[in-house]
Amino acid sequence: RLVKKKSTQHSVDDESMRGFASMDIDLKSTAEILASFAAWWILYLGSKVALRIFPVYVSWDSVTQYKARGIVPSTAFLLLIVPASIWALAYDEELKHTRVKGKTELSNSIIAVAAGYFMYDSLIVYWHLKHDGVAYLVHGVLCMFTYLIAVMYQVYQFYGPVFLLFESTTLFVNARWLLYELKMTSSSLYFYNGLALLLSWIFVRLVFGYSYSYFFWIDTIDAHSKGSLNFLIILWYTTANIGLNFLNTIWFFKILKGALRALRGKKA
């Protein structure tokens, strides 16, 4: 009996390893990931020179200058990835049939670009961990591996564009930071941007995010029951989903706290 149990355990382990050995990443996907990674770095480093034409940037301290440089690739990424994700979800008919396994050319390219961006993001946050904090590093690393695995194993490519819509809220986060540093906290623009940030966070990251997380779990449980997806991949994606939803919820309460302070006439 002991021998039989041990053999069964080896069989399960072997099956898991075979699942992870079935990586299928082509030259095009690799090139897209690396090109994306390089592009965000070039944009970040180029902004170090370009932003010097603004006297206010030159007057800021080194930490504030670093934050300002980070806004450039961050904003460029969301302006690229959010419309592309909306387009994929609206017009890519094949994508609706690849919720757990499979890919389309468009979804794979979108996710490859996202993987390259979060590789850049994780690295730069790690280098400036003292200023960005552990939460941002955890977020970057979770996203990086989530999108890398999606490309390498062609899994969850329907949910890639879905959850990349979260990046739309970053536009208001970046604008809020910039308006604050420009000392425009008493302006109507600052107030309405803060309101847009709060509402978009509620509807995009919480209502929309938790709703599609429910569908993600339904699809994942179904895939697990059919044995159509490797257990270690399922473990990673369910852990990442819980972790990212947790971060979104924690950050929501911080945004809400800032909004309440602003409504009371205090400096946010």
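Select Lys28 and Glu32 to begin: the two form a salt bridge whose closest N and O atoms are 2.8 Å apart, a salt bridge being a side-chain nitrogen of Lys or Arg within 4 Å of a carboxyl oxygen of Asp or Glu. Because Lys28 and Glu32 are four residues apart in helix α2 (residues 27-50), about one helical turn separates them. By this rule the count comes to six salt bridges. Helices (H or I, at least four residues) and strands (E, at least two) are DSSP runs, numbered from the N terminus.

The model is predicted, so that local features need pLDDT of at least 70 and side-chain atom pairs count only at pLDDT 80 or more, while totals for chains, interfaces and linings use all residues. Residues are numbered from 1 along each chain as its sequence is written, and side-chain values use heavy atoms, with hydrogens and water left out.

Next, select Tyr136, Thr170, Val173, Asn174 and Trp177, which are the closest to the centre of the largest pocket among the 41 residues that line it. This pocket holds about 1,400 Å³ of space. On a 1 Å grid over the protein atoms alone, a pocket is an open set of points with protein on both sides within 12 Å along at least five of seven lines, a cavity is a set where a 1.4 Å probe fits but cannot get out, and lining residues have an atom within 4 Å of a point. Points are joined across faces, edges and corners, and a volume is the space filled by probe spheres set on them. Colour α11 (231-263), which gives the most to the pocket lining, with nine residues. The lining divides into 23 nonpolar, eight polar and 10 charged residues, where Ala, Val, Leu, Ile, Met, Phe, Trp, Tyr, Cys and Pro count as nonpolar, Asp, Glu, Lys and Arg as charged, and the others, Gly among them, as polar.

Now move to the one cavity of 30 Å³ or more that a search of the whole structure finds. Of its 22 lining residues, Thr146, Tyr147, Phe163, Asn241 and Leu244 are the closest to the centre. Its volume is about 310 Å³, and α11 gives the most to its lining, with six residues. This lining comprises 13 nonpolar, seven polar and two charged residues.

For the surface, select Phe191, Tyr192, Leu195, Leu199, Phe203, Val207, Leu260 and Leu263, which make a nonpolar patch of about 780 Å². Its largest share, six residues, comes from α10, the helix in which Tyr192 is placed. Patch residues have over 30% relative accessible area and no salt bridge, with like charges joined within 9 Å and nonpolar side chains (Val, Leu, Ile, Met, Phe, Trp, Tyr) within 5 Å; areas come from the Shrake-Rupley method with a 1.4 Å probe, and for residues only the protein chains shown count as cover.

Finally, select residues 191-213, a span that is 100% helix and 0% strand, with its end C-alpha atoms 31 Å apart.
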